[in-house]
Amino acid sequence: MSAAPRLRRVAVLVLEGAKPLDVGIPAQVFTTRASMPYEVRVCGATPGPVTGGDGLAYRVAHGLEALVWADVVFVPGYRFPDRDDPPRAVVEALTAAHDRGARLAAISTGAFALAATGLLDGRRATTHWHYTQALKARYPLVRVDENVLFVDAGGVLTSAGAASGIDLCLHILRGDLGVAASNHAARRLVAAPYRSGGQAQYVPRSVPEPLGERFAATREWALRRLGEPLTLGMLARQAGVSPRTFSRRFVQETGCTPMQWVMRARVDRARELLERSQRGVEQIAADVGLGTGANLRLHFRRVLGTTPSEYRRTFTRGE
């Protein structure tokens with residue numbers, strides 16, 4: 001039997017003007033519960049009251065010492081990030097946390113606080129689309145990508161508007177605990193289990209709601225049939241539109257082509273089976289529609305940069 005995963009410590013740093021939804025996302029996703037080996041502490045520059053944005057205020061129990069304690073530090077978005085840098089003590093605490101090996105993750109305009117440390121210099125990063133030009137102007141050494149949902153640059157991660165904070169949190173969960181745990185959290189949040197960081201921040205042209213619902217139903221239909229042959233024509237027929245229309249609208253809605261989405265869904269299902277079952281690689285490949293173990297290994301290497309066997313060892317050796 002594998003050892004229980006170690007407890008990971010998450011600090012949510014609330015700055016002046018912090019957006020309530022941005023604060024709530026990591027606190028909710030990583031909330032302490034039996035199925036989640038995380039402990040969360042909400043902190044500020046000092047313990048006590050913090051004036052928030054949108055008419056709310058916070059009373060935090062911890063100060064910057066929580067960043068010394070934490071393995072992951074989230075910086076929620078805050079109002080007027082382009083006016084002033086965070087307090088020097090905050091910048092220094094974030095830098096010290098990174099130097100100790102903690103991951104720093106910004107939601108929305110929290111990216112400005114990370115940029116103030118210099119840790120984003122020369123790195124690709126994102127923020128809410130409304131502030132991308134301001135981030136470029138204030139921190140010209142940052143390689144700002146204004147189109148994506150989130151960017152994982154290793155020890156520092158950034159995300160777009162509030163909803164993409166959920167995508168970032170689920171991305172971190174996938175890396176820490178695997179696909180099964182991430183999917184479980186997504187179901188609890190009633191959120192999409194996987195949206196790639198490269199997906200556009202917003203749909204360039206509005207998709208009519210009935211068609212959007214139809215495409216969601218088609219994706220659910222496909223997820224129940226990953227072990228069967230799935231073609232563009234089959235997906236389009238299920239959605240009741242032409243293959244050309246389906247492809248165009250699917251890319252607008254998800255940021256990837258239908259068959260790219262199917263392949264990623266198959267790889268993710270294979271990851272879940274590797275984490276939670278003792279089935280062999282050949283059987284898993286057949287179960288998820290990838291045919292052979294060689295094909296599964298090829299796509300694992302391309303998508304994840306590892307092999308199925310090494311991936312399984314990661315989630316069975318314990319920590």
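User: Is F74 buried or exposed?
Analyst: This is a predicted model, where local features need pLDDT of at least 70, side-chain atom pairs count only at pLDDT 80 or more, and totals for chains, interfaces and linings use all residues. Residues are numbered from 1 along each chain as its sequence is written, and side-chain values use heavy atoms, with hydrogens and water left out. Buried means under 20% relative accessible area, exposed over 50% and partly exposed in between, with a 1.4 Å probe and protein chains only. At 0% relative accessibility, F74 is buried.

User: How many aromatic pairs does the structure hold?
Analyst: Rings of Phe, Tyr and Trp (its six-membered ring) pair if their centres lie within 6.5 Å; planes under 30 degrees apart are stacked, over 60 edge-to-face, the rest tilted. The number of aromatic pairs is 8.

User: What is the geometry of the pair that F30 and F74 form?
Analyst: The ring centres are 5.5 Å apart. The planes make 40 degrees, and the pair is tilted.

User: Why does the pair of F30 and F74 tie together parts that are apart in sequence?
Analyst: Helices (H or I, at least four residues) and strands (E, at least two) are DSSP runs, numbered from the N terminus. F30 lies in the loop between α1 (20-29) and β2 (38-43), and F74 in strand β5 (residues 72-75). So the pair ties together parts whose separation in sequence is 44 residues.

User: Which helices hold F215 and F246?
Analyst: F215 and F246 form a tilted aromatic pair, 4.8 Å centre to centre, with 55 degrees between the planes. The pair links distant parts of the chain, 31 residues apart. F215 is in helix α8 (residues 209-223) and F246 in helix α10 (residues 243-254).

User: Which residues form one aromatic cluster?
Analyst: F215 and F246 are both buried. The cluster is made of F215, F246, F250 and W261.

User: Which ring does the charged end of R41 sit over?
Analyst: A charge sits over a ring if NZ of Lys or CZ of Arg is within 6 Å of the ring centre and within 35 degrees of the ring normal. For R41 the distance to the ring centre is 4.0 Å. The ring belongs to W69.
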